[in-house]
Amino acid sequence: MHNTIISVKDLVKNYSEFQAVRSISFDVYEGEIFGLLGPNGAGKSTTLEILETLRSKTSGTVTVGGFNLDKQPDEIKKIIGVQLQTSGFYPGLNLVELIQLFNGLYNRNVDPITLLNKVNLADKAKAKSKELSGGQKQRFSIATTLINQPKIIFLDEPTTGLDPQARRNLWDLIKEIRDAGTTVILTTHYMDEAEQLCDRIAILDEGKIIKLDTPDGMIDELVATGFERPKQVKAANLEDVFINLTGGKEIRPE
Ligand SMILES: Nc1ncnc2c1ncn2[C@@H]1O[C@H](COP(=O)(O)OP(=O)(O)OP(=O)(O)O)[C@@H](O)[C@H]1O
């Protein structure tokens with residue numbers, strides 16, 4: 001049996017006259033990577049921000065980690081990690097100093113170098129966040145979500161703009177975080193990412209959940225309808241060529 005860690009029931013979000021989220025219900029299980037997919041404007045970020053306590057909802061019931069969003073938002077804040085854009089980090093501080101700052105904010109005592117090692121950034125300990133590449137910035141911002149030792153982390157398009165190697169490195173990191181016991185909820189526009197990374201997926205369209213299942217379950221269901229890909233798929237694709245040429249699965253400096 002699965003333990004539900006996030007429960008969303010009949011969630012609605014109106015922006016003035018416009019209904020961005022139209023009565024959606026779903027559960028996220030403890031220890032899974034749960035993906036929110038959907039076209040631009042489907043309501044993914046709005047939903048995520050409501051669960052993160054960063055945006056008000058119009059109606060519906062949400063519990064996160066057993067805490068009711070309306071009654072115990074501060075308790076929710078204590079058990080979640082939210083990925084911030086690195087552009088929001090103090091530009092004058094290096095990575096170690098930024099981690100120390102978060103330690104102070106959260107009243108934690110995480111060793112900066114141990115944390116940087118976990119995300120392969122120990123060699124950048126003295127660098128400032130603006131001096132990092134896109135992939136390094138993403139890894140650092142994910143690292144900062146872990147400082148508060150959260151039960152759940154929220155990642156909004158964590159691999160957007162990254163090269164194929166950096167994306168794969170990040171998938172490994174996110175899986176490690178899940179395997180260490182943290183539940184992950186993320187949004188993505190990449191179907192390969194959702195297929196590789198997510199245990200279950202909700203597909204949103206125009207504010208509604210139109211499908212919720214495992215990636216395999218969704219594919220099997222489509223195949224069962226008689227669907228066939230129009231073209232024979234080659235044994236490798238261009239991404240395989242790129243990965244092969246640029247160094248396999250090794251972490252490389254970005
Ligand atoms: N603050 C706001 N005021 C008014 N409308 C908003 C606001 N924020 C979002 N919206 C609208 O709500 C809808 C859902 O937006 P949201 O950002 O949640 O979509 P999304 O699925 O995350 O899209 P994307 O893939 O482009 O990030 C969009 O039509 C958007 O224009």
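L105 is exposed, because its relative accessible area is 63%, where exposed stands for over 50% relative accessible area, buried for under 20% and partly exposed for what lies in between, with a 1.4 Å probe and protein chains only. The residue sits in helix 3, which covers residues 95–106; helices here are DSSP runs of H or I with at least four residues, strands are runs of E with at least two, and both are numbered from the N terminus. Together with Y90, L101 and Y106, L105 forms a nonpolar patch on the surface, and these residues have about 420 Å² of accessible area together. Such a patch is made of residues with over 30% relative accessible area and no salt bridge, nonpolar side chains (Val, Leu, Ile, Met, Phe, Trp, Tyr) being joined within 5 Å and like charges within 9 Å, while the areas themselves come from the Shrake-Rupley method with a 1.4 Å probe, and for residues only the protein chains shown count as cover.

The model is a predicted one, in which local features need pLDDT of at least 70 and side-chain atom pairs count only at pLDDT 80 or more, although totals for chains, interfaces and linings use all residues. Residues are numbered from 1 along each chain as its sequence is written, and side-chain values use heavy atoms, with hydrogens and water left out.

Taken as a whole, the protein chain has nine helices and ten strands. Its radius of gyration, taken over C-alpha atoms, is 19 Å, which agrees with the value near 18 Å that a compact globule of 254 residues would have, the globule rule being 2.2 Å times the number of residues to the power 0.38. The C-alpha atoms fill a box of roughly 55 × 55 × 40 Å along the principal axes, and buried residues make up 44% of the 254 residues. Of the contacts with a separation of 6 or more, 65% are accounted for by residues 24 or more positions apart, where contact means heavy atoms within 4.5 Å. The accessible surface of the protein chain comes to about 13500 Å², and 49% of it belongs to carbon and sulfur atoms.

C198 is buried, since its relative accessible area is 6%. Leaving aside neighbours within four places in sequence, C198 is in contact with I33, G35, L186, E193 and P215. The C-alpha atoms of C198 and F34 are separated by 5.6 Å, although these residues are 164 residues apart along the chain.

A search of the whole structure finds ten salt bridges, a salt bridge being a side-chain nitrogen of Lys or Arg within 4 Å of a carboxyl oxygen of Asp or Glu. One of them joins R200 to E32, with the closest N and O atoms 2.9 Å apart. This pair links distant parts of the chain, since R200 is in strand 9 and E32 is in the loop between strand 2 (18–29) and strand 3 (33–37), 168 residues apart; both R200 and E32 are buried.

Another salt bridge is formed by R167 and D192, whose closest N and O atoms are 3.1 Å apart. R167 lies in helix 6 (residues 164–179) and D192 in helix 7, so the pair ties together parts that are 25 residues apart in sequence. R167 counts as buried because its relative accessibility is 7%, whereas D192, at 30%, counts as partly exposed. R167, D192 and E193 are linked in a network of salt bridges.
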